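Have the sequence and the 3D view open as you read.

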Amino acid sequence: MQSECVCLLTWFYLFLTPTYCKTPGLQTRITDKALNYATNVALDVLSQQVKGQRIPDQHGSSGAVTFDISSMKVNEFTKPSSKVSLLHSVGLSWATTGTRLAIHGNFKYKYKKGIIKISDSGTFDLKTSNINFNIKIKIGMDSSGRPTMQAVGCSCSVGSASIKFHGGAAWIYNLFSGVLEGKLKNMVGGGNGVLCKQLNNLVNVNGKRSLQKLPVTVKLAKWFLLDYRFLSQPSFQSTFMETYHKGEVYWNADPVEAPFAAPPLLKYPDTSRMMYIWLSDFLFNSMSYNAFKYNRLQYNVTKKDLPSGVLNTTCPKSNCIGKMIKPIGTKFPNTTIMLYMKSTSMPNMTVQNGSTVVNAVGDILFFAEQPNGKYTYILTLSATMSTTISLTIQKEKVFAKVLRLPIDVKVKESNIPVSAVALNFIVKGIVSVFVEPKLNDLGQAGFPLPVISSIHFVNTKLTVAQDTLLIATDLKYSG
């Protein structure tokens with residue numbers, strides 16, 4: 001639970017950036033509403049963490065009395081109210097008020113005055129109230145573009161403290177209770193007190209460990225690498241912080257930048273939700289560029305990919321390519337056709353006016369399979385597609401589904417006389433049976449957003465605008 005809470009906090013602090021020299025492919029805005037929600041969850045964990053916390057033994061004296069206190073343990077911690085403020089060029093300031101804390105422990109004392117010697121022991125309960133603490137958290141990035149966080153100052157004040165003893169001579173308590181109260185009060189408060197030590201540990205130890213586990217790159221479809229690294233240091237406004245990330249997809253084996261830049265993202269002033277994520281169509285287009293560059297946009301469509309008989313050249317009882325395009329059936333009887341489909345340029349996504357369209361062009365080459373297993377070239381079609389897709393957000397992923405997949409083909413080269421009308425009919429059938437399901441399978445795999453597993457989107461809205469997919473959402477921590 002402790003590490004998950006820290007991960008929640010550090011995830012919020014992960015997405016910070018500006019004064020950038022490149023247009024980002026991904027941008028986030030985290031509002032003070034989200035930060036206050038995160039720190040409220042953190043206080044629940046801190047409450048559990050502080051309870052049961054053991055405090056080092058202490059020794060002291062007051063006049064004729066020397067005392068030892070041992071086996072001290074925090075047995076009560078009241079969750080305070082808190083508020084996060086954003087600090088320009090630093091990060092965050094987290095302040096709380098109204099904490100109460102109780103400590104139980106053992107004591108021993110010795111009273112010596114002249115010939116009078118008294119020693120005894122017992123237990124005590126210390127109650128402190130009106131505890132306020134403030135901690136500043138510096139947010140930054142390291143040389144590799146990973147996020148960093150560090151506690152740069154913690155202060156803690158204790159308004160009042162009272163102690164109650166059990167056992168021993170009551171009149172002696174008055175001789176050292178004031179000194180003991182002050183000592184215990186200082187142990188709770190101050191920059192090195194119990195609470196500040198726990199807070200510093202929460203940020204500097206647990207926070208650092210959680211950040212090291214948060215990936216800033218994600219592998220996609222085995223061949224690609226999605227890069228979420230920072231472009232620059234964090235930037236903070238009075239009610240939110242915005243972040244700008246690389247947001248580019250590389251070829252995993254050769255991560256080189258695409259030869260084009262991300263377009264400007266949509267301006268959007270709203271801060272009513274906890275978090276906003278801008279996704280540029282640059283993300284898709286950089287992936288498309290590498291897929292085309294490294295020959296991933298080509299496929300051999302054979303008889304195993306389509307319903308039985310469609311690619312046959314001879315079919316007395318059913319429709320097949322040999323019957324619909326008679327010159328193929330006549331010249332290559334009793335065999336099957338293979339289609340080699342390849343993109344001839346990089347597919348391009350355009351996001352605008354509430355719609356998302358992917359434009360693609362390519363060639364479709366027809367081959368006839370021979371008895372010896374070799375293939376004979378027949379013809380080449382040039383194909384143009386303009387695919388309209390719908391986008392949804394589910395389980396912190398972006399999913400896509402094909403709405404329209406019109407395709408137009410023309411004969412580019414042919415060794416036989418063919419009808420463009422018949423070819424269009426056949427290719428459209430193959431697209432609906434094979435290509436569209438393949439695209440939908442890819443879209444249903446989902447595009448992962450930069451969140452941790454314990455964070456869930458609620459009250460989410462997706463806006464499709466110029467070059468931008470904008471996600472506005474509130475958040476829920478599942479622990």
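## Aromatic pairs

Rings of Phe, Tyr and Trp (its six-membered ring) pair if their centres lie within 6.5 Å; planes under 30 degrees apart count as stacked, over 60 as edge-to-face and the rest as tilted. The model is predicted, so local features need pLDDT of at least 70 and side-chain atom pairs pLDDT 80 or more, while totals for chains, interfaces and linings use all residues. Residues are numbered from 1 along each chain as its sequence is written, and side-chain values use heavy atoms, leaving out hydrogens and water.

One aromatic cluster is formed by Phe107, Tyr109 and Phe165. By the pairing rule, the count is 11 aromatic pairs. Phe367 and Tyr377 make an edge-to-face pair, because their ring centres are 5.8 Å apart and their planes stand at 65°. Phe367 belongs to strand S18 (residues 355–369) and Tyr377 to strand S19 (residues 375–394), so this pair ties together parts 10 residues apart in sequence. Strands here are DSSP runs of E, at least two residues, and helices are runs of H or I, at least four, numbered from the N terminus.

## Charges over rings

A charge sits over a ring if NZ of Lys or CZ of Arg is within 6 Å of the ring centre and within 35 degrees of the ring normal. Arg296 lies over the face of Trp223 at 3.7 Å from the ring centre, and Arg29 over that of Tyr276 at 5.8 Å.

## Helix H2

Helix H2 covers residues 32–50, 19 residues in total. From first C-alpha to last, H2 reaches 26 Å, close to the 27 Å expected at 1.5 Å a residue. After H2 comes Gly52, with a positive phi near 85°.

Key:
Expected span 1.5 Å × (residues − 1).
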